[in-house]
Amino acid sequence: MLAFFQQFAVFAFLAGFGFFLARKGKLSSTTTNEMSQILIAYFLPILLFHSFLRPFDPDEALSLAGIMLFTALVQFLYILLSRLIFGKEHPIDRFAVIFNNKAFVGIPIATAFFGPKCAFYIAPSVVMSNLLIILYGSRLLDPNASKSLPSVKSIVKQPIFLSFVGGWLFYLLQVPVPEIVLRPISALVAINSPLAMIILGAFIAAKPLSGLFKTKRVWFVAFIRLVVFPIVPLVLLILFPFGSVELRMVTVVAWSCPTANNLAMQTKIYHLDTYYASQIIVLTCLGCAVTIPFIMMLARLWIH
């Protein structure tokens with residue numbers, strides 16, 4: 001666990017650097033939003049695609065199919081549990097606990113401990129969760145949501161979906177990638193984790209922290225998101241183990257992350273309480289520094 005805390009200290013420093021730049025006015029909220037969009041729209045798809053550039057392994061490919069089914073099961077359970085815990089009248093709370101930040105936080109943490117290739121294990125979960133945000137999350141927050149589902153065209157045009165499909169094809173067909181192309185891709189992949197942490201720190205700095213610790217409901221939502229809900233996939237992995245130990249550990253990390261950042265943007269679009277949503281995001285981002293090591297410690301004890 002010493003290595004974990006050392007790596008988390010690196011992340012804390014990078015996030016602190018982003019926080020410092022934002023508070024000094026060197027990194028504006030506009031720039032942070034633009035960098036965040038670039039990270040999600042370009043860096044993350046490149047990272048996921050890069051993770052598929054590996055020798056084909058039939059058992060590993062089968063495990064990825066298992067991850068997709070596992071993700072669908074966990075998200076379905078989260079939807080049911082969130083409705084039971086918060087009821088129908090609290091869509092922000094439900095969104096906050098159902099959808100977490102696998103891409104922005106989970107991948108940097110997992111790749112730091114298990115190497116860049118482990119993004120391969122998280123890729124199906126990230127893609128499916130993002131599609132569910134489009135299909136279910138946005139409709140959950142939109143009081144005037146239509147009954148019609150988004151078009152297939154709007155889904156398949158998502159960069160993360162395209163990188164996932166392209167990565168699968170390269171992996172299954174073992175398409176060779178020239179070194180002159182692979183090197184710049186690898187360089188961009190190396191930037192992903194530090195940039196994500198700096199942006200996260202700047203994002204936290206943009207939110208007023210004065211009332212953060214005064215709202216009891218925010219603490220309750222954070223507890224459900226960071227402690228209760230990560231136990232669900234952990235128990236499922238213990239009862240129904242599949243894939244390698246590393247794959248299951250990476251999966252545990254992916255489901256232990258804080259609330260998805262786009263909750264704040266979604267609440268702004270639908271004229272909901274953006275400040276309350278931001279409080280949840282900030283508190284879960286800060287709290288995961290404590291809860292992720294705790295969940296990983298449990299996982300190391302129970303996953304063999």
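Reader: What should I know about the numbering and the model before starting?

Author: Residues are numbered from 1 along each chain as its sequence is written, and side-chain values use heavy atoms, with hydrogens and water left out. Because the model is predicted, local features need pLDDT of at least 70 and side-chain atom pairs count only at pLDDT 80 or more, while totals for chains, interfaces and linings use all residues.

Reader: Which residues touch the most other members of the largest nonpolar core?

Author: A nonpolar core is a set of buried Ala, Val, Leu, Ile, Met, Phe, Trp, Tyr and Cys residues joined through side-chain atoms within 4.5 Å, where buried means under 20% relative accessible area, exposed over 50% and partly exposed in between (1.4 Å probe, protein chains only). Here the largest such core has 95 residues, and Phe 52, Ile 107 and Leu 263 touch the most other members. Helix H13 (residues 274-302) gives the most to this core, with 13 residues; helices (H or I, at least four residues) are DSSP runs, numbered from the N terminus.

Reader: Where does Gln 174 lie, and is Gln 174 buried or partly exposed?

Author: Gln 174 lies in the loop between helix H8 (159-173) and helix H9 (179-205), and is partly exposed, with a relative accessible area of 37%. Its phi is near 55°, a positive value in a residue other than glycine.

Reader: Is His 271 buried or exposed?

Author: His 271, in the loop between helix H12 (262-269) and H13, is exposed, with a relative accessible area of 72%, and its phi is near 60°, again a positive value in a residue other than glycine.

Key: Helix = DSSP H or I, 4+ residues; strand = E, 2+ residues; numbered from the N terminus.
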